[in-house]
Amino acid sequence: MSTIDDKFARLSTDNAPGQEVRQSGGDLARMLRGQPLPGTPVDFSHGDVNTDAFAPTPGSLEQFVQGVERGGEQAYTEYRGGAALREQVATRLARFTGQPVSGANEVIITPGTQGALFLAIAATVAAGDKVAIVRPDYFANRKLVEFLGGQIVPVELDYLGHTTRAGLDLAQLEQAFKSGAKTFLFSNPNNPTGVIYSPDEIAQVAALADRHGAVVIVDQLYSRLLYSGAHYTHLRASGIAAGNVVTIMGPSKTESLSGYRLGIAFGAARLVDRMEKLQAIVSLRAPGYCQAVLHTWFDEPQGWLQERIARHQAIRDDLLKVLRKVEGLSVRAPEAGSYLFPRLPALAVSLHDFVRILRQQAGVTVTPGTEFSPHGTDSIRLNFSQNHAAAIRAVERLVQLVDRYR
């Protein structure tokens, strides 16, 4: 395999949300035993954004239509997004995070948060650079750093060994910076586990980054969907130097607006400048008409967000009841977001075979833990932003197959 072929092979999309998973018969088909389990298919690889589960923010379609009606003025915004809209977004983000944000210099609207992540990493990482990455964490972090030629320095997250903190190994993070890592990537709340970093962990991340002159890129996509009793600390409000942090957010998940492909990155002006230059040649801008949908962000009807959180928390709690009855299975209750990341008991088949078996015998699609860490060979991720009853039945079928393939 050529170098370029190998480079793209590591970007495998077989387990990406919504992607058709290519599978073959052969040995797997011979391994399958037992009858398929009846039930409605459920795809836990991504959230359900229809009227049966979690509909998009009220008014979003109307804002999109208004954007279309504005025509070229809306379609051809500045590369970093419409100026007036960025000012509005900056005001709301400043209020949310507790630190001022300049709409003119510190905000860029991107094609989804995935676009923001790519631009932020590309703006900070060159071939050969060392990059500290949490394990487990969002799958694209590792893939993008590798694609750009960076060297990954892992920092472990012992999420099952703690209850009052995320479990970040701060000594490993400090050593990563001492070894030359000048960028640190992490998500908070963590994707895939749903744990929130404690105020002390965030303060120490900020202090270590400043001490070593490192840039921190933090994905805070689920920082609005916090469950009862959860306390959240924004990194940019923790005392970190303003030039050392880029925060990524957007309305894709909590607000169910993923189809509009809107992301926001805000922070260090010099990095936002770089990101705009790259966006100008990669995608020009976030979809022009879709940008108008951001008028609904942080401006939902009174009580809308609280009701959405309550519904997610009810699903979370019911699924945890089912999973915690399984002997040998470990799972931590997420403090935020819509992900469960259970560690399965020992099975007679490999993780990737079990994931395929789940689809074939139970109509249940999950994401293997190896997407989030090379060591995640015994874990799966479920996005439980689904129809409540269907999600419970799907996890009950999952549990049946765990017992069948022990």
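**Exercise 1.** Find how strands β3 and β4 pair, and count the bridges.

*Solution.* Start with β3 and β4 (residues 151–156): they pair in the parallel sense over six bridges. Strands here are DSSP E runs of at least two residues and helices are H or I runs of at least four, numbered from the N terminus; two strands pair if DSSP finds at least two bridges between them. On its other pairing, β3 runs parallel to β5 (residues 183–187), with three bridges, and V131 stands opposite T183.

A note on the set-up: this is a predicted model, where local features need pLDDT of at least 70, side-chain atom pairs count only at pLDDT 80 or more, and totals for chains, interfaces and linings use all residues. Residues are numbered from 1 along each chain as its sequence is written, and side-chain values use heavy atoms, leaving out hydrogens and water.

**Exercise 2.** Why does G39 count as partly exposed?

*Solution.* First locate G39, in the loop between α2 (27–31) and β1 (42–43). Its relative accessibility is 45%, so G39 counts as partly exposed. Finally, check the distance to A362, 323 residues apart along the chain: the C-alpha atoms are separated by 7.2 Å.

Technical notes: Buried means under 20% relative accessible area, exposed over 50%, partly exposed in between (1.4 Å probe, protein chains only).
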